[in-house]
Each structure stands twice: as structure tokens, then as C-alpha cells.
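These are my notebook entries on a structure I was asked to examine. I set down what I looked up, topic by topic.

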Amino acid sequence: MPKHAMAVVPAAGIGRRMGAAKAKQLLQLNGAPILSRTLMALDAAEAVSEVVLVVPLDQKDYIIKTFVEGYQIRKVAAVVPGGAERQDSVANGVAQARRMGAEWLLVHDGVRPFASPGLFRRTLDAAGETGAAVCAAPASDTVKHAGEDGMVCATLDRSRLWLAQTPQAFRADLLADALDRARREGWQATDEAGLVERAGGKVKIVPGEKTNLKITTPEDLVLSVGLAPFPAPMLGQGFDVHRLAPGRPLILGGVAVPFDRGLLGHSDADVLTHALMDALLAAAGLGDIGRMFPDTDPAYQGANSLDLLRRVVAALGEKGLAPAGASLVLMAQRPKIAPFAPAMTQNLARALGLSPAQVNLAATTTEGLGFTGREEGMAASAVATLKPAGLV
Ligand code: MG
């Protein structure tokens with residue numbers, strides 16, 4: 001029995017069916033890209049020794065930095081450019097793996113992040129008996145064979161029908177020979193086992209996993225949200241202080257509050273919105289607003305903080321995340337905030353894409369104590385939670 005195999009992961013497709021701007025394997029799923037999640041599944045599979053990743057040539061550096069190094073992936077040992085079709089991409093990966101001495105190979109789609117460690121082991125063990133094995137799901141729906149006119153011509157015996165998935169495992173020379181013949185003789189197949197079958201090889205079926213979803217359409221992405229572990233942290237805290245100064249408007253939660261002084265700062269100094277932005281960025285592990293909007297950058301001079309908040313929410317969206325709720329506390333001795341609180345809550349909730357009931361705003365004096373009590377400045381603290389954004 002083969003102890004380990006090198007995995008070849010084709011991830012060079014452009015994802016026409018997804019209809020998104022990015023290739024499907026690069027889309028976010030609950031805060032981590034689909035491709036990174038697939039590579040994590042391979043990192044967790046003891047049957048896999050190393051991974052050869054096949055990517056579009058022009059995105060090689062970006063993918064290594066963002067999707068491999070950015071998620072501390074351990075087993076990617078080589079990254080090679082893909083070809084025109086999946087089959088060409090797999091051939092490039094297989095050639096590289098063989099140069100690295102691979103005797104056994106597992107081919108696994110870059111868009112199947114949910115395969116369990118045991119599935120890789122079982123597929124490789126089965127290939128040890130015959131030279132090739134494919135994991136496949138039994139057909140659970142009745143399968144009809146239809147003609148071009150859309151009329152059923154036969155109902156197939158579903159007890160003998162299997163839907164091929166990956167991983168697929170092969171003796172390396174067997175797969176290399178099949179790919180070579182396919183290239184010379186112009187064969188096309190939608191999976192590697194198909195080529196080995198055509199070349200006369202025996203392919204063993206291994207019962208697959210229903211959760212081993214291939215994510216190729218927007219509907220698949222919706223189904224995947226329930227299967228993908230949600231990354232920590234989901235909860236973030238923010239805190240901000242601004243000094244009060246004469247001749248400045250007082251902007252709190254995007255509302256201009258009548259007062260004899262306003263808060264001093266590079267932007268509109270909306271202390272409440274700033275604390276909220278910090279809480280959101282913290283929850284997503286994105287640092288703080290000082291990093292995102294440096295106060296040395298003249299672009300943020302007098303900036304409307306609600307605009308900045310909308311940009312923070314957009315940055316969360318790029319990670320597949322969205323605000324779920326927020327709780328804010330404003331610390332100010334004067335003026336009275338209560339009459340303006342509903343408008344502030346409304347502004348913040350709208351920018352977060354939430355209802356006002358999901359955003360709680362409280363205000364307190366500090367009993368005349370400290371810098372807020374002496375009316376030298378105002379402070380705000382915020383806590384925010386995040387949820388999966390669903391479709392990206
Ligand atoms: Mg601030």
C-alpha cells in the first residue's frame with residue numbers, strides 16, 4: 001500500500017460558470033478563500049506528502065503570496081503554470097511532481113475545500129490495489145437519459161451509477177502515460193480517471209462524501225457557507241478619544257450636534273464612528289483605522305467618517321464578512337445626546353447594512369470626572385460582531 005502521495009491541484013480555471021470578476025477558486029468563503037481552504041484540507045490529510053499547485057501564469061506571484069503564504073499553507077512544494085484546458089494543467093502538475101520523484105499521485109480540484117483527511121487516505125489505499133481509484137458519490141436521484149428533443153429515452157439503473165469527484169489517486173507512471181496518450185491522440189475527458197480508463201487501466205470506485213462539494217456556481221457558494229468553518233475572531237473592540245476645541249462642528253454618528261465646541265481631528269473627528277470602525281476592523285483581524293486611513297495622508301483631511309465606515313464595510317466584504325451587530329457607548333459630559341441618538345443609530349446602521357435594532361447606542365457622562373467630565377474631550381467605545389457575507 002502506498003503510504004503517501006504527492007497531490008496535484010489544478011487551480012488555473014477562470015470560472016466562467018460563476019459569473020464573478022475573479023476565478024471561482026479565489027473567491028472568499030466565510031473569511032478565507034476557497035483555494036486556501038482546499039490547501040488547508042490537503043495540509044490536514046496525512047496521506048498527502050506535498051502539493052504541486054497549478055495556477056494561471058500571470059497570477060503566480062499573487063497566488064503564492066495571498067493564498068498560500070497568507071494562510072500559512074505548509075505543503076505547497078511547487079507552483080507551476082496551467083495550460084489551455086484542465087487536462088493540460090494537470091499534465092503540467094504531474095510532470096512537475098514526477099520530476100520531484102513522486103511515485104503516487106492524488107489529483108484534487110482547487111474548488112473542493114471540504115474533502116476529509118480520511119477520503120484522501122481511502123482513495124489512495126484503493127489505488128494501491130489497482131493503480132487508479134476515484135472517489136464518487138452514489139446517484140441518489142433517478143437518472144434519466146434524454147434525447148436532443150428533451151424527451152426521456154431511458155431511465156438508467158441508478159444502483160450502478162456514480163458521480164465522480166476528486167480526490168482521484170493514481171500510480172504516477174500510469175497517469176503520466178494516459179495524459180501523454182491523450183495529448184498525442186487528442187482525447188478529452190472531464191476527469192483524469194476517464195483518461196486512464198480509455199488507456200485501458202482499471203479504476204476502483206471509493207464511496208465519496210456528499211459534503212465534498214465542488215464549488216462552481218453561485219448556488220454552490222450559497223450551500224458552502226453552511227459547511228465552511230467560520231474563522232475567529234468574530235468579535236472586535238474599538239476605542240477612540242478626540243479633544244474638544246472651539247470653532248469646530250460637533251459630528252457624532254454622522255449627525256451635526258449643536259454645541260459651542262466641536263471635536264478636533266484630521267477628519268471630521270466623529271469619535272463614535274471611529275470607535276465603531278476600529279471594532280469592525282479588529283473583528284476581521286484587519287488592524288485599525290490608523291493603518292487603513294493614515295492621518296498623514298491628506299486624502300483624509302476633513303473626511304466624512306460615514307464614508308470611511310462604508311469603506312471599512314467594503315473591506316470586510318472582500319474577506320467574505322459583513323457586520324452582524326454593534327454596541328456603542330459615548331462618554332461626554334455635555335451636550336445631551338438623547339434627542340440625536342435615533343438619527344445617529346440610523347446613519348450607522350445604514351452604513352453597516354443593518355437595521356437600527358441591530359445597532360445599540362448608549363451615552364454616559366463620567367460624573368464630572370476625568371477629561372470627559374472636565375469637557376476637555378469625548379471618548380467612545382464600541383463592540384462589533386461579524387457574520388459571513390454570503391455571496392461575494
Ligand atoms: Mg479618531
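Predicted model: local features only at pLDDT ≥ 70, side-chain atom pairs only at ≥ 80, totals over all residues.

Entry 1, a helix over the sheet. Helix 3, residues 86–99, lies across strand 1, strand 4, strand 5, strand 6 (104–107) and strand 10 (162–171). I noted its direction as well: helix 3 runs at about 150° to strand 1.

I then looked up the strand order and found seven strands in an open sheet, arranged 5-4-1-6-10-7-11 with mixed pairing. Strand 5 (76–81) and strand 11 (204–207) stand at the edges; each has a single partner strand, so one side of each is left without a neighbour in the sheet. From one strand to the next, the twist averages 25°. For one pair I checked the details: strand 1 (residues 5–10) and strand 4 (residues 48–55) run parallel to each other and pair over five bridges. Within this pair, I recorded V51 of strand 4 as the bridge partner of A7.

Which residues have the most contacts inside the largest nonpolar core? I found L252, L276, L280, L309 and L352, in a core of 47 residues. Several elements supply at least two residues each to this core, among them strand 13 (250–252), helix 10 (305–318), strand 16 (321–331), helix 11 (341–352) and strand 18 (377–388). Helix 8 gives the most, with nine residues.

Which protein atoms are the donors of the magnesium ion? I listed D240 (OD), H242 (NE2) and H274 (ND1), which lie 2.1 to 2.3 Å from the ion. The spacing of these donor residues in sequence is D-x1-H-x31-H. Because D240 lies in strand 12 (residues 235–246) and H274 in helix 8, the pair ties together parts that are 34 residues apart in sequence. I then asked of D240: buried or exposed? D240 has 16% relative accessibility and therefore counts as buried, the cut-off being under 20%. H274 is buried too, with a relative accessible area of 7%.

I looked up the bond from T166 to P167 and found it cis, with omega near 15°. P167 is located in strand 10. A cis peptide bond also joins R334 and P335, with omega about -15°. P335 belongs to the loop between strand 16 and helix 11.

Q72 sits in the loop between helix 2 (60–68) and strand 5. Its relative accessibility is 64%, so Q72 counts as exposed, given a cut-off of over 50%. E367, likewise not a glycine, has a positive phi of about 55°. I placed E367 in the loop between strand 17 and helix 12 (370–373). E367 is exposed, with a relative accessible area of 69%.

Terms used:
Residues numbered from 1 in each chain as written. Heavy atoms only, no water. Pairing = 2+ DSSP bridges. Helix = DSSP H or I, 4+ residues; strand = E, 2+ residues; numbered from the N terminus. Axes fitted to C-alpha atoms, helices over the stretch in contact; angles between N-to-C directions. Contact = heavy atoms within 4.5 Å. Core = buried A, V, L, I, M, F, W, Y, C linked by side-chain atoms within 4.5 Å. Buried < 20%, exposed > 50% of the residue type's maximum accessible area, 1.4 Å probe, protein only. Donors = N, O, S within 2.8 Å, 3.2 Å for Na, K, Ca; no water.
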